[in-house]
Amino acid sequence: PGGGPVPALAAGLAAVGGTEVVAVLAADLPFVTHALVGELRERLTGDGVLVVDDTGRDQLLLGVWRTAVLRTALQGARPHTPL
């Protein structure tokens, strides 16, 4: 608690074991649907795929990612590190 999304992501990854792909979702996304997550999964061809909002901003907490890539990216990350 209080560390931001990076430690939360690390905790979540620890819980998924050997899963190849994970959805990373912020807790404050009440309108996210199973269909949207499925569509993101279908579009995954590289390391990850995410939603880009109407202003062109990447939404890093609304995407589907290769688990191994996220684990590598989080190595050595500290709380409050920008996602």
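**View 1. Leucine 9 and its contacts.** Leucine 9 touches Val24, Leu70, Leu74 and Leu83, leaving aside residues up to four places away in sequence, where contact means heavy atoms within 4.5 Å. The model is a predicted one, in which local features need pLDDT of at least 70 and side-chain atom pairs count only at pLDDT 80 or more, while totals for chains, interfaces and linings use all residues. Residues are numbered from 1 along each chain as its sequence is written, and side-chain values use heavy atoms, with hydrogens and water left out.

View 2. Helices (H or I, at least four residues) and strands (E, at least two) are DSSP runs, numbered from the N terminus. The buried residues of H1 are Val6, Leu9 and Leu13, and seen down the axis of H1 they fall within an arc of 60°, so they line one face of the helix. This arc is that of the directions from the helix axis to the C-beta atoms. On the other side of H1, Ala11, Ala14 and Ala15 are exposed; buried means under 20% relative accessible area, exposed over 50%, and partly exposed in between (1.4 Å probe, protein chains only). The buried residues pack against strand E1 (21–25) and helix H3 (67–74), and H1 is followed by glycine 17, whose phi is positive, near 60°.

**View 3. The nonpolar cores.** The largest nonpolar core has 9 residues in all, namely Val6, Leu9, Leu13, Val22, Val24, Leu50, Trp65, Leu70 and Leu74. Such a core is a set of buried Ala, Val, Leu, Ile, Met, Phe, Trp, Tyr and Cys residues joined through side-chain atoms within 4.5 Å. H1, E1 and H3 are the elements that give two or more residues to this core, and the largest share, 3 residues, comes from H1. A second, separate core of 5 residues includes Val21, Leu44, Val49 and Val64.

View 4. An open sheet of 3 strands has the order E1-E3-E2, with antiparallel pairing. E1 and E2 stand at the edges, each with a single partner strand, so one side of each is left without a neighbour in the sheet. Strand E2 (residues 48–52) and strand E3 (residues 58–66) pair in the antiparallel sense over 5 bridges, and two strands count as paired if DSSP finds at least two bridges between them. Valine 49 stands opposite valine 64 in E3, and valine 51 opposite glutamine 59 in E3. The two strands form a hairpin with 5 residues between them, and glycine 56 in the turn has a positive phi of about 90°.

View 5. Valine 64, found in strand E3, is buried, with a relative accessible area of 2%. Among the residues that valine 64 touches are Val21, Val37, Leu40, Leu44 and Val49. The C-alpha atoms of valine 64 and valine 24 are separated by 6.0 Å, although the two residues are 40 residues apart along the chain. Threonine 67, found in helix H3, is buried, with a relative accessible area of 1%, and its contacts include Leu13, Val16 and Val22.
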